[in-house]
Structures are given as structure tokens and as C-alpha cells.
Amino acid sequence: MESSSPQSRPDPTAIGDMPAAEFRRAMHRVADMVADYLENVRDYPVLPKVAPGDVRSALPAEPPARAEPIDTILDDYKRIIEPNVTHWNHPGFMAYFAVTGSGPGILGEALSAALNLNAMLWRTAPAATELEELVCDWLRQMIGLPPEFVGHINDTASVSSLVSLAAARHHVRDSSIRQRGMAGRPDLPPLVIYASEHAHSSIGKAAITLGIGLDNVRHIPADDAFRMRPDALAEAIAQDRAAGRMPMAVVATVGTTSTTSIDPLPAIVEICRRENLWLHVDAAYAGSAAICPEYRAWMDGIEQADSIVFNPHKWLCVPVDCSILLVRDPKQLRDAFSLVPEYLRTSETGVTNLMDYGVQLGRRFRALKVWLVIRTFGVQGLQARIRAHCAMAQELAGHVKNASDFEISAPVPFSTVCFRAVPAGSPEDQDRFNEQLLADINAAGPVFLSHTRLRGRYVLRACIGNLRARPDDVPETWNLIRRCADRLLARTD
Ligand SMILES: Cc1ncc(COP(=O)(O)O)c(C=O)c1O
């Protein structure tokens, strides 16, 4: 356990940073706190036993007028903050898409905070700019994309998709939207984005932000395996053209949020080519699996996309936040976004200025943690972890399949299992049963699952993607699900 040592109260008139010796000592204490936390995170329930308002009411409402000793603050962190977070680093965190902050990723975050640089221009951050270019190219190679793809790092997939769709909008022929905007333009037909009914809400948010509007996002119906139907896509495009609207982009999802289904890329690519539409692939979660050649086969055709997003912070052991946007032609992003005021002009030629590739000017040094993670685990080490998670998911799916009162609700191509209990009763009774089952499982402590609705029915989801997950977590998780279901059956009989 970490120890706190007595120290004098800071001098209220001091200027400058905390004293160097004090910082060094506190940093060692924080190192111990972090290592203890990661070693013992299983001792916490995944969901904290906390009610809304508890954390705020445990803290002073007003800021401290006088400096406080760092050990007092770290003690409060240990007592009030750490136990009251939802523990995303807990191996039982199987809700949504699990994320894991690995040791090397955390070291990268600490070093990046120490440098505190702003990688807006090559001049302001030569090493950060070049390392970002390098790790994006490493990631490109790792997922088997051709060399023309060039990447940069954003905070989230939502922003990566927004940036990609802004580039798609810029390339609508004769539109001059960058210069003239979209308002009051009788010459500009409504632009339309196409995505499957299972696409992530970030695509709708991009449409909101870009002035395209939710009414102009077509949610294309999916087939039995929750994949976008190319025939329905082609039909929707034809209808929009006939009505005088202007199709702008198609978003295909590889690894949808609910079920991790994979839209049929080859057929979608063909439609985009024929219709001259930008193709953006949202592989926020499943893109990481493409580092294993056997999972890449699911994504055949991805190399034909104009842009691809995936989040190393979801399933590649990089701490939040880290989303990579790979584009076939980076000039398309520069054309859409580059706007250089005088004070940001520099004399270097032939360098990348990362501010030219999206909305933001300032930029964190995220590449450092990616670099540490890839070097520390190696590509083979990362592949082994992805494969282990997928194998654990198959094992969990096997338990579900073997139980006569449960069913698998969707195919399991990666590490996410959708399932539900099917006790006797109406579909509505079953929905209520599953909703209560989820609440009971999550109240138990060691596991946190989430839910979705598929074909109108309430479905539980378990995503295995945590670095600290062990093989015996699968039977233990299944035993917990089974126990909660049996107790609930006994209660509802
Ligand atoms: C397929 C997909 N795309 C996009 C997102 C949004 O991710 P982010 O939180 O990085 O914006 C998610 C979130 O889980 C997702 O599942």
C-alpha cells in the first residue's frame, strides 16, 4: 500500500510549480497508488456503491483559498474518488465495449503530461508530429491496409467520423460549401448520408454538426445477421436521386455497437464506386481485431474505403482517448480543413502540420502511449490478447448455447456475446425478466454487463476485452448469470 509522509503546509505566497523534491516524492507515491490499483482492482465491485450526489457532497463546495499539502489531496483521491468510479480497468467490466488502460499506455500518458506539448504544427512538436505519423503507419501495417492510407489521431471515433464526413461533404461536386456554407442555397440540394439501422449514433451527430440534418441520414435496413442490406442501400440512393436530393456518403460499420455485425463491404464498395460516393468505414471497436489476419478476412473490401476509423483505446490496450482516422488521400482532409492564420505560418516545407487535418488546432501527444504499447507488447503480444478475448467470448457463448432457457441473439464474430434468457411467458414477460436479470447481475459486483434491443427484444451484452481478464472469468461469469437467473425464476414462479 502507498504511504503518506508528514509534510509542512505549502507557503501561500510561493510562485512557480510545486518544489521539485516534493513533486518527485509525490510522483513515487502516485506510481505506487497506480500499481496497487491495477493489481487489486478486482477487489472493487465494477460498479461503485454510490448514489447520485454522494461524491460532490463529500467534497467542499468552494475551492480552497490556501494551498493544500499534496498528500492530503492524494489521501482524498484514495478515499473519495478511486472507490467511486466505475472501474473500466476491472476484468469484470464487460459492458458496452470494454476498454483497458495498460501499464505501457499509462506510462505514455504520464510522459506526455510531463512534456505538455501542443502538436498543432511540426514546429511546435517535431517529435510528436513524426511519432504520430509513424505509429499511424505502424497501425496501418498492422491491420493490413495498403501504403496509400495515412492516419492521424483524434480523441474519439465520433470526432474521426465527423472529420471524415466533413471531407466527404467538401467533395460534393460544385458545392463550394467550405466557402459559401449551406444556408440560403437554392442551388444546393439536400445532402444525404447512408448508414445501416445499426450504425452508431455518432453518424447522426456528425449529420447534425455538419448541417446535413437527421432527416437526411438514411438508416438502411439490415438482414437477419444485422448487416446492412446492399439492395436496400441501392434503392434508397436511387429514390433520393429521383427526388432531387444529393447522396454524399455511405458509412459502413465493421463491428456494430449492438451486435458487432459486419456490413458487407464488397457490395457496398461496388455501390459507392458506381454512385461516386465517399465510403467511410466505422470500425471503432472491431478494427483492432484486424491485426490478426484471420479476423481481417471478415473485413474484405475495407481497403477500398475512402476513410476508416478505429479506436486503439477500445481494444488495443491504449488508455482513453485514442481514435485513429486513416484516409486514402490526406489531401482531401487538408482541402476541407486547412486554414492558416498568419501567426501559425512557419518556414518548414515538406512537413506535416497536424492542425490541417481536422477541426482542432491544439493536439495532445497521444502517439507516445500508442508507441509504448506497441513496443512493449509487440504485434504478436497484441494479437495473442485479441485472440484470447475472442476465445473467451466463444466459451461464454458455448455456455449460453448449452442452457435450454437461454439463447444467443446474434452471431459472435469477435469478443462480444449478445444473449437473453427465454423463460416461459410472453415476449413482454421475457423482456421484463431480462431487464431484471441484468439489474441483478450488475448489483452482484464482480461483473458489469450492458444491454441492447434486437428486433424489439431486450438483449444482454457481454464484451470481453480487458487485459486483466483470466480464463476462469468465463465460467465464473456464467455461474453468476446462471445463479441470478435461477433466483429470479424462483421469485417469478
Ligand atoms: C461502432 C461505433 N462507432 C463509434 C462509436 C463512438 O465511439 P467514441 O466514444 O470513440 O466516439 C462507438 C462507441 O462504442 C461504436 O461502437
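Predicted model: local features only at pLDDT ≥ 70, side-chain atom pairs only at ≥ 80, totals over all residues.
Student: Are α5 and α14 roughly parallel or oblique to each other, and which hand does their crossing have?

Tutor: Angles under 35 degrees count as roughly parallel, whereas the axes of α5 and α14 cross at roughly 40°. The two helices α5 and α14 are therefore oblique to each other. As for the hand, the way in which α5 passes α14 is left-handed.

Student: Which residues make the contact between α5 and α14, and how many of them are charged?

Tutor: From α5 come Ala 128, Leu 131, Glu 132, Val 135, Trp 138 and Met 142, while α14 supplies Ala 367, Leu 368, Val 370, Trp 371, Ile 374 and Val 379. Sorted by class, the contact of α5 with α14 holds eleven nonpolar and no polar residues, and the number of charged residues is one.

Student: How is the protein divided into domains, and how far apart are the C-alpha centres of domain 2 and domain 3?

Tutor: Domain 1 takes in 20-46 + 48-85, domain 2 covers 118-364, and domain 3 covers 374-492. Between domain 2 and domain 3, the distance separating the C-alpha centres is 31 Å.

Student: How many residues does each of domain 2 and domain 3 bring to their contact, and which helix gives the largest share of the side of domain 2?

Tutor: The contact draws 20 residues from domain 2 and 18 residues from domain 3. The side of domain 2 that touches domain 3 has 14 nonpolar, six polar and no charged residues. On this side of domain 2, the largest share amounts to three residues, and these come from helix α5 (residues 126-142).

Student: What is the strand order of the open sheet of four strands, and which strands stand at its edges?

Tutor: The four strands pair in the antiparallel sense, in the order β8-β9-β11-β10. Each edge strand has a single partner, so one side of it is left without a neighbour in the sheet, and the strands in that position are β8 (406-408) and β10 (450-454).

Student: Which helix packs on this sheet of four strands, and what angle does its direction make with that of β9?

Tutor: Neighbouring strands of the sheet are turned against each other by 40° on average, direction ignored. Helix α14 (residues 367-402) packs on the sheet and touches β8, β9 (416-421) and β11, and the angle between the direction of α14 and that of β9 is about 15°.

Student: Over how many bridges do β10 and β11 pair, and which residue in β11 stands opposite Leu 454?

Tutor: Strand β11 (residues 457-463) and β10 are antiparallel partners, and their pairing extends over five bridges. Opposite Leu 454, the residue found in β11 is Arg 457.

Student: What is the order of the open sheet of seven strands, and which strands are its edges?

Tutor: The pairing in this sheet is mixed, and the order is β1-β7-β6-β5-β4-β2-β3. From one strand to the next, the twist averages 20°. Pairing on one side only marks the edge strands, which are β1 (150-154) and β3 (217-220).

Student: How do α9 and α10 lie relative to each other, roughly parallel or oblique?

Tutor: The axes of helix α9 (residues 230-242) and helix α10 (residues 265-275) come within 9 Å and cross at roughly 20°. Since angles under 35 degrees count as roughly parallel, that crossing makes α9 and α10 roughly parallel.

Student: Where does Asn 276 lie, and what is its phi?

Tutor: Most residues other than glycine have a negative phi, and most peptide bonds are trans. Asn 276 lies in the loop between α10 and β5 (278-282). The phi of Asn 276 is positive although the residue is not glycine, with a value near 55°.

Student: Which loop holds Asp 321, and is the peptide bond from Val 320 to Asp 321 cis or trans?

Tutor: Asp 321 belongs to the loop between α12 (312-315) and β7 (323-327). The omega of the bond from Val 320 to Asp 321 is near 5°, and the peptide bond is cis.

Terms used:
Residues numbered from 1 in each chain as written. Domains from an automatic or database assignment. Contact = placed C-beta atoms within 7 Å. Nonpolar A, V, L, I, M, F, W, Y, C, P; charged D, E, K, R; others polar. Pairing = 2+ DSSP bridges. Axes fitted to C-alpha atoms, helices over the stretch in contact; angles between N-to-C directions. Parallel < 35°, antiparallel > 145°, perpendicular 65-115°, else oblique. Left-handed = near helix turned anticlockwise from the far one by under 90°.
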